[in-house]
Amino acid sequence: MNVAWDLPARTVDAVAVGERAEAWVTSTGCDAAVGLRLALIIEELATNTIKYGYGQECDQPIRLALAYDGNRLTVTYEDEAPAFDPLQQIAATTPGSAPVGGFGLHMIKGLAESMMYSRDGQRNVIRIVLVGERKTR
Amino acid sequence: MDSRIDGHTTILSPRGRLEQTTVAPFQGAVTAIIEGMSPNLVIDMSQVEFISSVGLRALMMFNNAAKKDGRKLALAAPTQIVKEILAVARLNTVIPTFATVSEAVTAQRA
């Protein structure tokens, strides 16, 4: 199962898409906690893009794609801001210590099973995997 | 957002999600308490669905402001996901966190 959204780099849109993504994930049968983690991760990624990538709320693009295989939820998040590897930032800081992504990036890494970064042309591409634990029936 | 006073402690009970678009009323309420007369503050987290980095930053600032004035801030009854977030952000090592509101209030009396 797959779904994708294109949105402008605006907080209100990111929060709304986070809620839609959460609803989609829980509709697949995932535990509600997975949906909450996902909504949080989307908000944190978008906040970093808006505040530090594009530098402001704007109409520059963000793309979010979700793929769920019945076990793992893969989140692919892209923006066209200048190159920024969040994993290097996480490795170089402790939570709350850095002005850029002080808590947010550490939260994303801590809530995810895995996190990868690549620069693809003009795009930052972040792939995050969450374990899509099923609801207890 | 409910608040009540128990002895020398104000107990604030935010609800829902503490994220970019909802954190402002929470920040306002806590700031008013810190700037007010109550010596200590317990934030009852039991009705908080999740807290994003903007909420964590607010908690950190409140903790610093309270400590500066010789007051105490504690968190109580976080849900599983909030507990997980506090641990990932290591805020649980900075701000005392208790399983229940009454434990937090009792600890602040000590």
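Modeller: The model is predicted. Helix 3 of chain B spans residues 80–88. Its buried residues are Ile81(B), Val82(B), Ile85(B), Leu86(B) and Val88(B). Viewed down the helix axis, these buried residues fall within an arc of 165°, so they line one face of helix 3 of chain B.

What does that face pack against? The buried residues of helix 3 of chain B contact elements of both chains. From chain A come helix 2 (32–53) and helix 4 (104–111). From chain B come strand 5 (48–51), helix 2 (53–68) and strand 6 (72–76). Just after helix 3 of chain B, Arg90(B) has a positive phi of about 60°.

Helix 2 of chain A also has a part in the largest pocket, giving the most to its lining, with 5 residues. Strand 3 (72–79) and strand 5 (123–131) of chain A each supply at least two. The volume of the largest pocket is about 190 Å³. It is lined by 16 residues, and the closest to its centre are Asn48(A), Thr49(A), Gly53(A), Asp79(A) and Phe84(A). The lining divides into 11 nonpolar, 4 polar and 1 charged.

Now confidence. Chain B averages a pLDDT of 89, and 100% of its residues score at least 70. Within chain B, helix 1 (residues 23–35) is lowest, at a mean of 85. Strand 7 (residues 97–98) of chain B is highest, at 96. The model as a whole scores ipTM 0.79 and pTM 0.87.

Note on methods
Residues numbered from 1 in each chain as written. Chains lettered and ligands numbered in written order. Predicted model: local features only at pLDDT ≥ 70, side-chain atom pairs only at ≥ 80, totals over all residues. Heavy atoms only, no water. Buried < 20%, exposed > 50% of the residue type's maximum accessible area, 1.4 Å probe, protein only. Helix = DSSP H or I, 4+ residues; strand = E, 2+ residues; numbered from the N terminus. Arc of directions from axis to C-beta. Contact = heavy atoms within 4.5 Å. 1 Å grid on protein atoms, 1.4 Å probe; cavity = no way out; pocket = protein on both sides within 12 Å on 5 of 7 lines; lining within 4 Å. Points joined across faces, edges and corners; volume = space filled by probe spheres on them. Nonpolar A, V, L, I, M, F, W, Y, C, P; charged D, E, K, R; others polar. pLDDT = per-residue confidence, 0-100.
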